[in-house]
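Please look over the model below before reading on. My notes are set out as numbered points, with the cut-offs given where each term comes up.

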Amino acid sequence: MGNTPAAPRRRSVALIGANYGLALHPVDRHGVHVPGEPASCFASFWVADWSKWGTGTALLVATLQGWRSYGANEFFAATLANELSRYFPEAARFPLNGISHTQDEFEVQVNLERGFKATGRRAALEITGVLDRRQFAAPDFQLGPASASLNNVYLPCSAGRLSEFGVEWPGAPTVYPGPRGPSSSAYLAVAESWMV
């Protein structure tokens, strides 16, 4: 017996697809951000070409009043919320204590020059104004007590809209400078893979 370190746990692919995110921050009547005000909501739209939880699309909406999901598969949407989206920095102020689900089907349009749109019968998300395209890698993205490896191509965007049951959320995304270029609370993350 000796002090042989344990071999690192081998990660396996958990999801291959894309994620589109939008955090809306309060603005005044002129469309200028209200200083110091945190996001009023966060939307995360998933497209899973393959995952260990299933395939398809799901829209997750996090607010101080709770989390809601939209899509064809309630289990799939709830699992994405519990396993991934709740740990995103944009979702930190919205505790996940449960999630209500609404059945919906989405028509998805993606154009890497202009943006993304997902239109359902009960909810819709649109993110436009692509500012940059760059590779992103987080070898130890924290998922609560565990971590995962995340890779994607990140496209920060300048505008976004979220509506639920025909009512559009007020606010606008926040764009800010980063060390590698502009960043935003509205983004497209394509060619995305998660390893857990």
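1. Basis. This is a predicted model, in which local features need pLDDT of at least 70 and side-chain atom pairs count only at pLDDT 80 or more, while totals for chains, interfaces and linings use all residues. Residues are numbered from 1 along each chain as its sequence is written, and side-chain values use heavy atoms, with hydrogens and water left out.

2. Main core. The largest nonpolar core has 31 residues, and those with the most contacts inside it are Phe42, Trp46, Trp67, Leu80 and Trp194. A nonpolar core here is a set of buried Ala, Val, Leu, Ile, Met, Phe, Trp, Tyr and Cys residues joined through side-chain atoms within 4.5 Å. Buried stands for under 20% relative accessible area, exposed for over 50%, and partly exposed for what lies in between (1.4 Å probe, protein chains only). Elements that each supply at least two residues of this core include strands E1 (13-24), E2 (41-51) and E3 (56-63), helix H1 (74-83), and strands E9 (134-143), E10 (146-164) and E14 (186-195). Helix H1 gives the most to this core, with 4 residues. Helices (H or I, at least four residues) and strands (E, at least two) are DSSP runs, numbered from the N terminus.

3. As background, nonpolar side chains in soluble globular proteins tend to be buried together.

4. Aromatic pairs. The whole structure contains 10 aromatic pairs. The criterion is that rings of Phe, Tyr and Trp (its six-membered ring) have centres within 6.5 Å; planes under 30 degrees apart count as stacked, over 60 as edge-to-face and the rest as tilted. Phe45 and Phe106 have ring centres 5.1 Å apart and planes at 85°, so this pair is edge-to-face. Phe45 is in strand E2 and Phe106 in the loop between strand E5 (99-103) and E6, 61 residues apart. Phe45 is buried at 0% relative accessibility, and Phe106 is buried at 14%. Phe45 also forms a tilted pair with Phe116, at 5.4 Å centre to centre and 50° between the planes. One aromatic cluster is made of Phe42, Trp46, Phe88, Phe141 and Trp194.

5. Cysteines. How many disulfides does a search of the whole structure find? The search finds 0, with a disulfide taken as a pair of cysteine sulfur atoms within 2.5 Å. The sulfur of Cys41 is 16 Å from the closest cysteine sulfur, in Cys157, which is too far for a bond. Cys41 is buried at 0% relative accessibility, and Cys157 is buried with a relative accessible area of 0%.

6. Salt bridges. There are 5 salt bridges in the structure, each defined by a side-chain nitrogen of Lys or Arg within 4 Å of a carboxyl oxygen of Asp or Glu. Asp140 and Arg11 form one of them, at 3.1 Å from N to O. Asp140 lies in strand E9 and Arg11 in the segment before E1, so the pair ties together parts that are 129 residues apart in sequence. Asp140 is exposed at 52% relative accessibility. In the bridge between Arg133 and Glu113, the closest N and O atoms are 3.9 Å apart. Arg133 is partly exposed at 41%, whereas Glu113 is exposed at 59%. Arg161 and Glu168 form a salt bridge with the closest N and O atoms 3.5 Å apart; Arg161 is partly exposed at 46%, and Glu168 is partly exposed at 42%.

7. Ser183. This residue is in strand E13 (residues 181-184) and is buried at 13% relative accessibility. The side chain of Ser183 makes a polar contact with the side chain of Arg134 at 3.2 Å. A polar contact is a pair of N or O atoms within 3.5 Å; within protein, one must be able to donate a hydrogen and the other to accept it, and residues adjacent in sequence count only if both atoms are side-chain atoms.

8. Gly115. Strand E7 (residues 115-119) holds Gly115, which is buried with a relative accessible area of 7%. Not counting residues up to four places away in sequence, Gly115 touches Gln109, Val110, Ile127, Thr128, Val130 and Leu188, where contact means heavy atoms within 4.5 Å.
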